[in-house]
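Good morning, and thank you for coming. Please look at the sequence and the structure on the screen.

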Amino acid sequence: MIRRTILSMLAAAGVAVGLGSAAQAGATLDAVRQRGTLSCGVNVGVAGFSLPDSQGVWRGMDADLCRGIAAALFGDPTKVRFVPLTAVQRFTALQSGEIDVLIRQTTMTLVRDTSLGMRMVHPYLYDGHGFMVRRDANVRTIRDMNGMTVCLSPGTTNEMVTADAFRTAGLQFRPVLQERMQDNAQALQAGRCDAIGTDATQLAALRSQFNQPNDFVILDERFSKEPYGPVVRRDDQEWFDVIRWVVFGLIEAEELGVTSQNAEQMRTTSQNPSIRRLLGASADLSDALKLRPSWMFDVLRAIGNYGELYERTIGQNTPLGLPRGNNDLWTRGGLMYSWPMR
Ligand SMILES: N[C@@H](CCC(=O)N[C@@H](CS)C(=O)NCC(=O)O)C(=O)O
């Protein structure tokens, strides 16, 4: 009876309640293997992150991270089912088991990490909240935004960050909440809102698809830390390990100079013990993760190292045009730092 009450309380709080006792460690890895495809939750459509191209192929950093995980599991980056989700839908999809992992510009926060039956894995992108406004509004800082109408997406960190930022500045704003970011983008272009508030990478992504991108500016100020991480269910450490070490492996490969182009050659000729371990010359790492020795080799061949992934999807030569900044390697002053892979 008590157990039932607790379960229904947890369910009401949106916490996933596994059937019977907590799922067995490794259950997700086994289930995904048996199914033969990874079910990966992504955004419904943001340039540079997850957006279907004219052939219907999902493109972007989040989509490619899904492919990288599939490559680690199956040696085949095509073994992914992409599940497009809005910000509001994303955690339920994970809790209910509809997806195996969520890779959808999701900010790692204390509450999300601890109390929703989930675990935030490790940052693959460091971002921050910003505002985009019309250029001719002559806004330089938030102090010029008093009384403005700000378009926001419900269920995002950006809702709270915007409220905090205006309150801290002693200013008023009028929130307009629309679940689909595309609706916010249209509202800004049509003048139905004065600003959009979301993560800076998302603002760059939205603007890259505007008809007149130069009519809009992204303010320089950042109002929060928004580290993006993959999210998994809380009850499965083995699965968590796989996802975490794929992220680390991408960063480590960049630091070691292993790319999609040279991985094949390095695997046979490199004498560097770190590179040999990464590419599976010994089974120490893959055994620990219960994966095939070529797991990271297959990831790198499929999506490249972290730097390749970044440059291809959101980097300076893409429509988003984002410099590495915090997302550069620690050896170059950024925050990307893999734990030792040994
Ligand atoms: N990092 C934020 C979410 C950022 C985000 O999702 N922003 C936009 C991207 S432009 C979005 O997709 N919004 C609404 C939607 O399409 O569901 C969070 O974790 O809460």
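Predicted model: local features only at pLDDT ≥ 70, side-chain atom pairs only at ≥ 80, totals over all residues.

Residues are numbered from 1 along each chain as its sequence is written, and side-chain values use heavy atoms, with hydrogens and water left out.

Let me begin with the ligand. Around the ligand there are 20 residues, each having a heavy atom within 4 Å of it. N43, R112, T157, M181 and D199 come nearest.

A polar side-chain atom of R90 is 2.8 Å from a ligand oxygen atom. In the side chain of R112, an N or O atom also lies 2.8 Å from an oxygen atom of the ligand. Q105 uses a backbone N or O atom, 2.8 Å from a ligand nitrogen atom.

How much of the ligand's accessible area does the protein cover? By the Shrake-Rupley method with a 1.4 Å probe, the protein covers 99% of the 500 Å² that the ligand has on its own.

Seven of its eight residues, 200–207, are buried, so α8 is largely enclosed by the rest of the structure. Buried here means under 20% relative accessible area, with a 1.4 Å probe and protein chains only. The buried residues are A200, T201, Q202, L203, A204, A205 and L206.

Conventions. Buried < 20%, exposed > 50% of the residue type's maximum accessible area, 1.4 Å probe, protein only. Helix = DSSP H or I, 4+ residues; strand = E, 2+ residues; numbered from the N terminus. Polar contact = N/O pair within 3.5 Å; in protein donor to acceptor, adjacent residues only side chain to side chain.
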